[in-house]
Structures are given as C-alpha cells and as structure tokens.
Amino acid sequence: MTEMHYNNKKINPIHHDMTQRRILLIAPEGQVGWHLHRCAQTLGKMLIVGRSYSQGMYAQLDLSNADAIRRIMHETKPDIILNAAAYTAVDKAEQEAELAQAINGTAPGILAEEAKKLNALLVHYSTDYVFNGQHHQPYTESDPVQPLGVYGTTKLSGEQAIQAVGGHYLTLRTAWVYDLRGKNFLLTIQRLAKERDELCIVADQHGSPVWSRLIAEATVQILSQLYSPLLQRDRLDVSGIYHLTCAGQTTWYEFAKAIVAHQQKQPRILPITTADYPTPAKRPAYSVLSNAKLQKTFGIQLPSWDGALELCLKQQN
Ligand SMILES: NC(=O)c1ccc[n+]([C@@H]2O[C@H](COP(=O)([O-])OP(=O)(O)OC[C@H]3O[C@@H](n4cnc5c(N)ncnc54)[C@H](OP(=O)(O)O)[C@@H]3O)[C@@H](O)[C@H]2O)c1
C-alpha cells in the first residue's frame, strides 16, 4: 500500500482514495435513496441494493431478512453504508408492527454490527416522530423521546440499536419529506387540487417539510467533510444523532396553501383540527427540529421550507 501525505501528515489511502471507497446504498428507489443514488457518485464506487428486483438493476436485499443483510455486508465489504430504506407507512404500521420493527428497528442494528466489523460508517435516517409533540420550541438531539405510534417506536428502536453497537454512525433525523416522485404530501395535494374545489387540511400539527434532494445533498456534504484528506476529521468523534430539516416551521395547512399557490387550478384550503381528521396513528402536534448541532458540527444549514419548496417546484415546470 502506498503511503500518502498531506501537509506533512500521513493519511490512510483506504479512507481517502475515493476510487477504492465502496459505498453500499440501500433503497435506491425511495425518496431520499433516489437522490443519494445520483449525488453520492462523487464519493466512491456505488454498490446498490433494493428490495424490488423488478428491473434486475440492483442486487436484491430485503431488510426484514437478517441473514440476507449479513450476507450482503460480507460480500460487498463497504466503507460507507447509506441506509435509505424504511417502513414509512405511518398509519399502516399500526397493523404491521412486527414487519415495521424488523425493517426499522432490528435491521439498522444488524447493519451497525456488520459495519463495526468492517470499520465502516453507517449513515441512517430517522424521524421527528420519535417525539411526543408536547414542546413549543424546536427539539434538540438531547431532548427526551416518546413516540406516539408504532412507526415512531420502531424508528426509535433502530436509533437505539445503532447507538448500542457503538461503531461509526450518523443517524440523521428528518421530517415531512417530499419529492416529485414517490408517495408524499406534495404530490397528494397536487392531485387533489386538480380533482376538488375545496380541501380541508390539518392546521394544528407543526413541523418543517424537507425536499428529499436536500437531505441527500447534505448527506454527501457531510461525508465529503468526513473523508476529506484536507480536513482529517475523526469519524468516531462526530458519530451521533443529528437533526436535518429545512429551516423555519409550518403546518400541513400552510404547506398545502404554499403548494396550491403554484398550481393553475387553486382550490380553497380550509383549516381543520387533528380531531376532525382521525388517523390510525397518533402524530405529534409539534415536531419542529433544531438544526443547531448540524450547523455547529458541519457548518451545514438547509434553506427555509418555503424556499426549498419553490426550488423543488421549479424542477417540475
Ligand atoms: N417520508 C417522510 O416523510 C419521512 C419523515 C421522517 C423521516 N423519514 C425517514 O427518512 C428515510 C427515507 O425515507 P423516504 O421518505 O425516502 O422513504 P420512502 O420514499 O418511503 O422509501 C423507503 C424505501 O425503503 C424501501 N424498503 C422498504 N422496506 C424494505 C425492505 N424490507 N427491504 C429493503 N428496502 C425496503 C422501499 O422499497 P420499496 O420501493 O420496495 O417499497 C423504499 O424504496 C427513512 O428512514 C424514513 O424513516 C421519512
């Protein structure tokens, strides 16, 4: 192995030579995964695994199969694992707790164990739904957690399993994710706006919507710092949970109004309460996340939620 130096410091080529670095991306078809597939290419050689094997484009991996996870990790020996997979159907999870726990709770722990054996970094995503929503100011990473539903409970279990392993990891908690593809609030409102003249939208849940592309780009920026030979950052030092959402806050009602403002046909948007729109899973009334730790550690700050929405919608037109 050739010895490499920068500023008279010896640097380890395994960690810094991006031509050798292997990046395992799980779930390239999800909202975040789709963008990671495109923007993480600059970091090294991408190895892609997904649940659906339909086009035969990726190796298959079902995260509910613990042996399969171990096998893929053993075969691919990645330096970085990007786990963009999750059981994300918040209401359905109430009926499928076991499956949600396998994917969101157990699988991340197995990935963390295998990553530790390889001295690899696990990048995982979690959710604002680990909080109970009783705050009135943005939640920090050290605030107590108390999920209200199965989805949040299983995601919390995944966070804790990764922490318990104690390897190199970044758990990025995000929230209210949307994109121009997939299943999300933006596309639902756009569809309903074409079909109806009036939409009733919940106005007493507060959060920060994020375009999934910004999550992927921020992830790559963080990784670029961690693997930069110039910065020489210690990956164990910065391991931990980080909040990653757009700046500012809103409600589903205001978010819907902002979406519809960009539509040709603009139905009336009426505010309703959570009690008016009962769902199987209880959701936090307030789940705004403070991004101060991300900004302090990596100097990264996402734009305001409404600015990000505009950027996203420009891509659609
Ligand atoms: N969406 C949100 O509003 C939101 C909010 C907060 C946090 N998050 C977190 O952000 C991350 C990314 O979410 P997202 O919005 O990009 O999710 P998404 O669009 O629902 O994509 C999830 C991906 O996970 C894959 N997946 C599900 N079960 C799997 C399994 N058993 N094995 C392998 N892959 C499986 C899905 O594959 P298929 O295509 O085969 O189903 C899909 O590609 C997740 O950790 C999520 O919990 C999301």
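**A colleague's note on the ligand site and its surroundings**

1. Let's start at the ligand: a backbone N or O atom of Tyr-125 lies 3.2 Å from one of the ligand's oxygen atoms. Such a pair is a polar contact, meaning N or O atoms within 3.5 Å; within protein, one atom must be able to donate a hydrogen and the other to accept it, and residues adjacent in sequence count only if both atoms are side-chain atoms. The protein covers 84% of the 910 Å² of accessible area that the ligand has on its own, by the Shrake-Rupley method with a 1.4 Å probe.

2. A word on what you are looking at. This is a predicted model, in which local features need pLDDT of at least 70 and side-chain atom pairs count only at pLDDT 80 or more, while totals for chains, interfaces and linings use all residues. Residues are numbered from 1 along each chain as its sequence is written, and side-chain values use heavy atoms, with hydrogens and water left out.

3. Side chains reach the ligand too. A polar side-chain atom of Lys-155 lies 2.8 Å from a ligand oxygen, and an N or O atom in the side chain of Gln-31 is 2.8 Å from an oxygen atom of the ligand.

4. Who else is in the shell? There are 25 residues around the ligand, the closest being Arg-51, Asp-62, Thr-88, Tyr-151 and Lys-155; a residue is near if one of its heavy atoms lies within 4 Å. The shell divides into 13 nonpolar, 8 polar and 4 charged residues. Here Ala, Val, Leu, Ile, Met, Phe, Trp, Tyr, Cys and Pro count as nonpolar, Asp, Glu, Lys and Arg as charged, and the others, Gly among them, as polar.

5. As for where the shell comes from, α2 (31-39), β7 and α5 (150-165) each supply at least two residues. The largest share, 3 residues, is from β7. Helices (H or I, at least four residues) and strands (E, at least two) are DSSP runs, numbered from the N terminus.

6. Do look at His-124, which lies in strand β7 (residues 121-127). His-124 counts as buried because its relative accessibility is 1%; buried means under 20% relative accessible area, exposed over 50%, and partly exposed in between (1.4 Å probe, protein chains only). The side chains of His-124 and Asn-83 are joined by a polar contact of 3.1 Å. Leaving aside residues up to four places away in sequence, His-124 touches residues including Asn-83, Pro-108, Lys-155 and Leu-172, where contact means heavy atoms within 4.5 Å.

7. His-136 is exposed because its relative accessibility is 77%. His-136 and His-206 are 70 residues apart in sequence, with their C-alpha atoms 9.6 Å apart in space.

8. Next, α6 (185-195). In this helix Leu-186, Ile-189, Gln-190, Leu-192 and Ala-193 are buried, and their cover includes β9, β10 (198-202), α8 (252-260) and α10 (305-316). Asn-184 caps the N-terminal end of α6, with a side-chain oxygen 3.2 Å from the backbone nitrogen of Leu-186. Lys-183, in the loop between β9 (177-178) and α6, is exposed because its relative accessible area is 82%.

9. Finally, how many disulfides are there? The count is 0, taking a disulfide as a pair of cysteine sulfur atoms within 2.5 Å. For Cys-246, the nearest cysteine sulfur is that of Cys-312, 10 Å away. Cys-246 is buried because its relative accessibility is 1%, whereas Cys-200 is partly exposed because its relative accessible area is 44%.
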